[in-house]
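Please look over the sequence and the model below before reading on.

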Amino acid sequence: MDKNHLDCPYPGCFFCVMKEANPSKRRTSIMKFFKDLPSQDDEGQVLAISGLWNTAMAHPNDPEFIDLGIFECMSALILKGFKNRRWLSHDQNIYIPYYAAHIIGSYTMNMEEFAERAVQAGVITPLVELLRGRLTWVEQRVAVRALGHLATYDSTFPAVASHGEVLELSMELALSSLEIVYTHFYQFVDRRLSYHCDLLTRGMGGLEMESRKAEEWASQLQCWSLQLINCFAFKSEFLSVVCKPDFLVKLPGMWGGLVNENSPAGIGLLRTICHHKLGRPPVANCPSVIEALCNIARSSDDWQYMAVDCLLWLLQDSNTRHKVMDKAALALVDLAELSSLGDHKKLGDSIANVLLQDCALPQVSIRTMLTSHTKELLDELTSIRQRLKWEKNMPKEDLHIKQAASLVVKLEGNSLFSSGDIAGAASKYSEALALCPVKSKKERVVLYSNRAQCYLLLQDPLAAISDTTRALSLHNPVNRHAKSLWRRAQAYDMLGLAKESLLDAILFINECSQSTDPDLCLKQNKVPDYAERLVKKQMHAAWLFKEAALKHGGVHYDGKRGEAYVREGDDSEWETASESEMGNEEKEETNDDDSEWQNEDDRKIKYEKPPVFKG
């Protein structure tokens, strides 16, 4: 121990203190280190702070440093950075406020007791100042993370909320975070602060890694801001602030991107808002939000179920049902035969019951206010449910006859399609669907998907989205029918909905990689050109910094720092994949399933995230 002290150039070095063999002396020395550190101006302090950062990340539930004053120390260091800019700019001290706020966030991530100790130590005031932007966006990111953890617990939320500006600041940050990171870091390559670059890449990467990590951190800054706002949204007294129309309409577009797919982002906050009766009217009064929820409900988004929850709660509320019924019914009718979605069991039955709850009411009910198209959809749903009841009592021979008749009509539709009579083929597929037993799910998947292809060629993307969604809902496993995914990706592309198209295209490629179908399996593990082109197009269109780049201009670079990484879009015109590109995609889909239909409702459906496709 004495030799270590003699060799170490820093008196009271944290690493030397940690090597103390005597537990009592070690605790005393660590406590003294935490107490003295903020008042010292010695060089090399960042080494100790980065070591503490590593410890906090690796052992966030260890109480040792909590008991010895780490929160008080980190709080004092952040405040010192505000008051003493000379110290902050000296040596590598510029890193210290970032590490200090990160340490606070790590230790309060899981343990409410630690969060209470942090509040008692006075961490909220310096964190709020970081959130306000006293330093840079990099420190804002870890500050909003730490405040989000503190706001999660009932015992510490009031302390966070007592700083009245926290909610407004986090809402402003959620709206502006992508623009801030783009203009303050990403856009001007040669003006990037060196300590930002070091923190982003840990000294392991060049410009390309800096840019990729900046996109990831920008997404986290936005998503962690939304997480903090979400804590306020659980409290009814803050909903009037959260539910400002200008803020609500932006939420569906805050999706985290492919770089942060584990966060529910804007849709998660909307779900919290819609769960409360005071939050539903403001959402119902935003038509663009309802339309976005409908699109997410009929997509491959991991948070699809959250959009469905929002729509169901809006429909179950008598104060909002009449405002959203026409839009919501268009999407939810297509999901009414879902067996399950993730942990949501018999979700289709729940959807159908909510949609049809007015059927037993007199004519003065909401049904009289619906459009004729919505009424037709509800009548169709009622008919399908009635047919299912009738079929349960129908002799098996009769069901076989209906299925055989449906197959004959389907083949007629295939023939018309091959001859170029697309409208006639669509009509035949509709006729086949009317004949096909409701429990013959595999056959109905094919019919819906075939009709969707007809609608694509007839330039009717909304009808194509409806039919592909029905096919994907009937398929086992749910949302995994490759051809329907590809067709819906094209339909969303026709509507300019890049994110929805991108997610379907990625999942289509994932399904192709696992398929044994010779028409779909990847040849030599190569992604089909038509799918790769669509993914690249949509990744450019859905790029997190797209709006900021359009507003402020492209990336500026004079070449002083080596080769720059600049994301470029595919400006070539996208065309719907031709028949030759798709192989036999648009030809007859042979039904090689067993002729016996089975009840697939009880099968366990695996709902996995699609892997990120890197084109």
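How many helices and how many strands are there in the chain? The chain has 32 helices and two strands, where helices (H or I, at least four residues) and strands (E, at least two) are DSSP runs numbered from the N terminus. This is a predicted model, in which local features need pLDDT of at least 70 and side-chain atom pairs count only at pLDDT 80 or more, while totals for chains, interfaces and linings use all residues. Residues are numbered from 1 along each chain as its sequence is written, and side-chain values use heavy atoms, with hydrogens and water left out.

Of the 615 residues in the chain, 53% are buried, a term that means under 20% relative accessible area, with exposed meaning over 50% and partly exposed in between (1.4 Å probe, protein chains only). The chain exposes about 27,500 Å², of which carbon and sulfur atoms supply 51%; the areas come from the Shrake-Rupley method with a 1.4 Å probe, and for residues only the protein chains shown count as cover. Among the contacts (heavy atoms within 4.5 Å) with a separation of 6 or more, 73% are between residues 24 or more positions apart.

Helix α20 (residues 287-297) is largely enclosed by the rest of the structure, because eight of its eleven residues are buried. These buried residues are Val-289, Ile-290, Ala-292, Leu-293, Cys-294, Asn-295, Ile-296 and Ala-297. In helix α21 (residues 304-316) lies Asp-309, which counts as buried at 8% relative accessibility and which touches Arg-271 and His-344 when residues up to four places away in sequence are not counted. By contrast, Glu-43, in the loop between α3 (23-36) and α4 (45-58), counts as partly exposed at 46% relative accessibility; its C-alpha atom is separated by 8.1 Å from that of Gln-92, 49 residues apart along the chain.

Two packed helices are described by the angle between their axes and the distance between the axes. Helix α27 (residues 441-457) packs with helix α28 (residues 461-474) at an angle of about 160 degrees, and their axes are 8 Å apart. That angle makes α27 roughly antiparallel to α28, the term for angles over 145 degrees. The residues that meet include Tyr-448, Ala-452 and Tyr-455 in α27 and Ala-464, Thr-468 and Ala-471 in α28. By class, this contact of α27 with α28 has nine nonpolar, two polar and five charged residues, where Ala, Val, Leu, Ile, Met, Phe, Trp, Tyr, Cys and Pro count as nonpolar, Asp, Glu, Lys and Arg as charged, and the others, Gly among them, as polar.

Definitions and conventions: Axes fitted to C-alpha atoms, helices over the stretch in contact; angles between N-to-C directions. Parallel < 35°, antiparallel > 145°, perpendicular 65-115°, else oblique.
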